[in-house]
Amino acid sequence: MENKTLASVRKPIKVLDGKVMLIVCIIIVAFLYAANIFGIFSSNTMRYLMKIFLYITMGEMWNLLSGFTGMTSLGNQTFIGLAGFTVAVATSTYNLPIWLGILIGLAIGVVVAFLLSFVLFRMRGMYFAIATWVIAEAICTAFKSWPYVNMGGGMSIKAKPYPKTPEIYLMALTLFVVAMIVVYLLLRTKTGLGLTAMRDDADAASSVGVNIFKSKLLVYVIAAGFTAIAGAIFFINKGTIYPDSGFNIDWTVSMVFIVIVGGIGTVSGPVVGAIVYVLLDEFLAHFPGWSNIILGAIAILVILFLPDGIMGTLQKKLHFEIFSQKRFSEHKKDIGKKAQLQ
Amino acid sequence: MIIIQYLINGIMLGGIYALLGVGMTMIFGIVKLTNLAHGEFVIIGAYASTLVAQALGVDPILTLIVTVPFMFLLGMGLQSGLINRVMQKGSEPALLVTFGLSIILQDAMLLLFTADARHAGAAYSSTIIKIGSISIALLDIILLAISLLSILILTWFLNKTYMGRSIRATSDDTQAASLMGVSVKKTYAIALGIAMATAAVAGLCIGLKWTFYASSGGSYLLIAFGVVVIGGMGSIPGTLVAGLIFGLAQVIGGANWGLLISYVLLIIMLAVRPQGLFSK
Amino acid sequence: MSEPLLKVEGVQAKYGDFIAVQSASLDVPEGKIVSLIGSNGAGKSTLMDTIAGLHKPSAGKIYFKGEDITGLPAEKIVTRGLSLVPQGSRCFIRMSVEDNLIMGSFPKNVRAKAKDSLERVYSLFPVLKEKRNDASGSLSGGQRQMVAIGRALMTNPELILFDEISLGLAPTIIKDIYATVKDINRTTGMTVVLVEQDTHRAIKTGEFCHVMLKGNVVLSGRSKELGDDEIKKAYFGI
């Protein structure tokens with residue numbers, strides 16, 4: 001650890017987040033919106049992109065928890081399933097409009113995250129990881145015996161008119177853009193810096209005045225909220241939801257893959273990871289049954305031989321960082337080190 | 001009378017659950033690794049026993065002669081070839097690697113053995129012994145005996161042999177153990193080998209008692225984890241008690257609610273004594 | 001003088017970027033008690049860990065019985081007859097006293113002698129025999145230190161390194177333990193390296209003396225020939 005820090009301090013790091021980078025991003029986003037408005041993309045392309053946007057959002061949120069805050073969760077599917085079912089119940093049982101269903105889904109995700117935090121934040125590391133998984137499994141099991149959500153029989157989402165692919169594309173794109181801005185801004189704030197400090201050493205962070213519970217709660221609630229909306233949009237696209245599809249551990253498999261392959265603890269990593277994931281997933285559809293085996297094997301190989309993922313490795317090799325808050329934390333560590341020496 | 005019947009059924013299940021937990025607790029306590037693939041190991045054991053018994057036309061229990069050494073070697077190979085290397089990168093990567101292993105194994109079994117339900121039948125599977133108004137399945141008694149005997153042998157091994165002592169010593173202090181001539185990596189490999197051997201036995205029990213699927217690993221992992229958390233790490237009596245608690249929950253709640261009760265119990269336990277149960 | 005039993009040549013040991021031992025050289029003649037003194041953070045413990053194989057040196061050579069043991073892992077070094085009693089005793093706290101001692105006979109080449117060695121340790125420390133079935137975690141600090149020493153003796157070493165065995169113990173217990181160490185050396189001819197912070201005790205016990213300062217061995221010689229002043233100067237670096 002010490003070595004890395006020193007090495008990166010010695011060589012100047014180009015942080016690509018100036019005006020140029022901002023303009024590039026705005027152009028890309030504008031293009032993605034314009035392409036939709038002018039109907040440039042085929043509906044197939046839109047479906048791919050939509051999937052990518054949703055997976056980026058989920059990946060960024062998992063990364064926020066695991067990569068930046070040290071809370072490795074195996075249970076983010078809790079929020080996907082809850083939001084998906086909320087939209088289904090809202091639209092088919094209560095005939096509410098779909099946007100209201102999404103909002104209620106978001107609210108439920110946030111409230112559940114808030115309540116769970118009192119239980120989960122008493123745990124660290126693997127206990128936290130397992131507990132999040134157990135909670136997802138428990139909710140899944142409960143849903144299978146709950147007549148209100150049609151037990152294990154599944155529910156369909158009903159809306160008149162049902163949103164078409166371009167509209168769902170717009171929802172996913174907007175969610176992705178907002179998620180990226182929120183992650184970027186969050187990591188820039190004092191809370192963001194505190195979080196990174198906390199991941200590296202919770203005790204030290206608390207001793208320098210980072211309110212651990214509050215910071216963790218903020219991140220957990222944000223992650224839950226965005227993951228919930230992503231789940232809701234995903235199931236709106238799909239039309240039906242079952243407990244076994246909503247609360248499936250496969251969601252976590254995807255998120256872990258995206259973040260590990262893209263580069264854990266980097267903002268740009270999940271973007272690359274999600275693109276790789278969606279392309280690979282599409283390709284692996286030709287080999288039924290092999291998909292998880294190959295994804296799992298790739299993830300293990302990456303952990304073994306490329307532990308920083310694609311973006312992490314590129315950034316280290318080429319000495320650049322995209323939208324990083326790391327330079328602040330490194331700066332801080334440096335000051336800390338000087339203080340220690342004196 | 002019905003209470004006694006429940007208690008007996010709970011004890012019968014408890015033995016199997018305790019055995020599930022023992023393999024998990026070994027790896028937790030000694031290698032300091034959360035093995036998320038333990039459920040799949042158990043299902044591999046179940047398939048191995050079922051298939052070998054079918055192929056050779058022998059009693060499933062006899063297959064242990066083959067499956068236990070096979071799983072032991074598999075575990076040793078896995079630890080020395082993969083997990084020892086990942087563990088140098090930290091506990092979180094190691095956790096994620098076992099997670100990756102679990103999904104790989106699950107889908108590999110799905111490909112190899114299809115999604116069909118499996119079951120290992122034996123001649124005594126439907127024999128019921130009646131004592132007054134209480135009835136006990138002969139199979140349950142046999143499975144309880146197998147579970148307890150396995151745990152007993154393991155306890156003896158850990159307490160009375162050089163190898164067993166070196167495993168406990170490594171769990172207490174790796175550096176001090178290496179000063180006594182213990183190779184920590186080799187010890188870890190043996191520990192995972194033993195954990196997989198217990199998974200082979202647990203798998204046999206599950207195959208004899210219930211039907212199982214390629215995807216059944218997850219729920220057995222959570223039971224195993226629950227037994228570890230509630231029983232306390234490395235405590236074999238604790239593991240037995242926790243097995244009994246989970247067995248009773250299952251008997252009282254039935255399949256679905258029993259699982260839910262177990263999950264809720266586990267979460268409460270984690271929240272109330274998060275590290276307490278594991279701390280020395 | 002004949003070939004020393006242990007020869008350390010320019011050993012360097014680092015933790016990440018932090019250099020704990022810069023360049024340490026020292027000789028340990030066979031059959032003697034040698035003291036290694038130095039203040040807190042001088043690098044004594046790191047040097048001991050490096051010699052015993054718990055820590056890999058980044059430079060330098062270590063010879064034991066004339067053979068190069070540099071960089072060998074601890075579990076290999078102990079079978080060659082070099083044993084370390086680490087700082088803070090490091091007992092296997094959840095194991096019984098007797099199981100702790102038996103762990104000392106884990107190396108295959110000493111297993112046959114396990115019973116005799118155990119009796120020998122029990123005769124050196126009768127209190128351990130009384131408490132043989134207690135968990136070592138329940139013992140007092142001095143008794144734990146006895147377990148650690150006994151455990152190291154069980155490996156049948158030719159050279160035994162004691163890393164600050166007096167740390168945190170009452171003076172009377174220290175006196176007893178040092179008497180035992182001297183006794184072992186006298187009766188079996190086992191070579192001993194004693195790491196100490198207390199200069200006085202070190203000079204009194206060790207025939208030879210090495211002084212470490214800021215990661216280097218700055219003074220070596222026969223304890224009697226080194227003056228009190230010289231040692232103090234080396235110790236404090238003035």
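These legends walk through several close-up views of a predicted model.

**View 1. An overview of chain A.** Let us start with the chain as a whole. Chain A is built with 16 helices and four strands. Of its 342 residues, 46% are buried. Among the contacts in chain A with a separation of 6 or more, 79% join residues 24 or more positions apart.

**View 2. Helices H8 and H10 of chain A meet at an angle.** Two packed helices are described by the angle between their axes and by the distance between those axes. Here helix H8 (residues 190-200) of chain A packs against helix H10 (residues 212-238) of chain A at about 105°, and the axes are 10 Å apart. An angle from 65 to 115 degrees counts as roughly perpendicular, so H8(A) is roughly perpendicular to H10(A). Which residues make the contact? From H8(A) come Thr191(A), Gly194(A), Leu195(A) and Met198(A), while H10(A) brings Ile212(A), Ser215(A), Leu218(A) and Val219(A).

**View 3. A cis peptide bond in a loop of chain A.** Look for the link between Lys160(A) and Pro161(A): the peptide bond there is cis, with omega at about -5°. Pro161(A) sits in the loop that runs between strand E2 (155-156) and helix H7 (165-188) of chain A.

**View 4. Two loop residues with positive phi, in chains A and C.** Asn95(A) has phi near 55°, a positive value in a residue other than glycine. You can find Asn95(A) in the loop between helix H4 (77-93) and helix H5 (98-120) of chain A. Over in chain C, Arg90(C) has phi near 50°, again a positive value in a residue other than glycine. Arg90(C) belongs to the loop between strand E6 (82-85) and helix H3 (97-103) of chain C. Is each residue buried or exposed? Asn95(A) is exposed because 10 other C-beta atoms lie within 10 Å, whereas Arg90(C) counts as buried because it has 20 C-beta neighbours inside 10 Å.

View 5. Strand E8 (residues 191-196) of chain C has six of its six residues buried, so the strand is largely enclosed by the rest of the structure. In a regular strand, side chains alternate between the two faces of the sheet. On one side of E8(C) are Thr191(C), Val193(C) and Val195(C), on the other Val192(C), Leu194(C) and Glu196(C), and both faces are covered.

**View 6. The strand partners of E8 in chain C.** Strand E3 (residues 33-38) of chain C pairs with E8(C) in the parallel sense over five bridges, and Leu36(C) stands opposite Val195(C). Strand E7 (residues 159-163) of chain C also pairs with E8(C) in the parallel sense, over five bridges. In that pairing, Leu161(C) stands opposite Val193(C). What do E7(C), helix H7 (residues 171-188) of chain C and E8(C) make together? They form a right-handed β-α-β unit.

**View 7. Ala271 of chain B beside residues of chain A.** Ala271(B) is part of helix H10 (residues 236-272) of chain B. Ala271(B) counts as partly exposed because it has 17 C-beta neighbours inside 10 Å. Leaving aside neighbours within four places in sequence, Ala271(B) is in contact with Val119(A) and Arg122(A). For a sense of scale, Gly90(B) is 181 residues from Ala271(B) in sequence and 24 Å from it in space, C-alpha to C-alpha.

Conventions. Residues are numbered from 1 along each chain as its sequence is written. Chains are lettered from A and ligands numbered from 1 in the order in which they are written. This is a predicted model: local features need pLDDT of at least 70, side-chain atom pairs count only at pLDDT 80 or more; totals for chains, interfaces and linings use all residues. A residue is buried if 20 or more other C-beta atoms lie within 10 Å of its own, exposed if 12 or fewer, and partly exposed in between; C-beta atoms are placed from the backbone. Two residues are in contact if their C-beta atoms, placed from the backbone, lie within 7 Å. Axes are lines fitted to C-alpha atoms, for helices over the stretch in contact, and angles run from 0 to 180 degrees between N-to-C directions. Angles under 35 degrees count as roughly parallel, over 145 as roughly antiparallel, 65 to 115 as roughly perpendicular and the rest as oblique. Two strands pair if DSSP finds at least two bridges between them. A crossover is right-handed if, with the strands pointing away from the viewer, the path from the first strand over the helix to the second runs clockwise.
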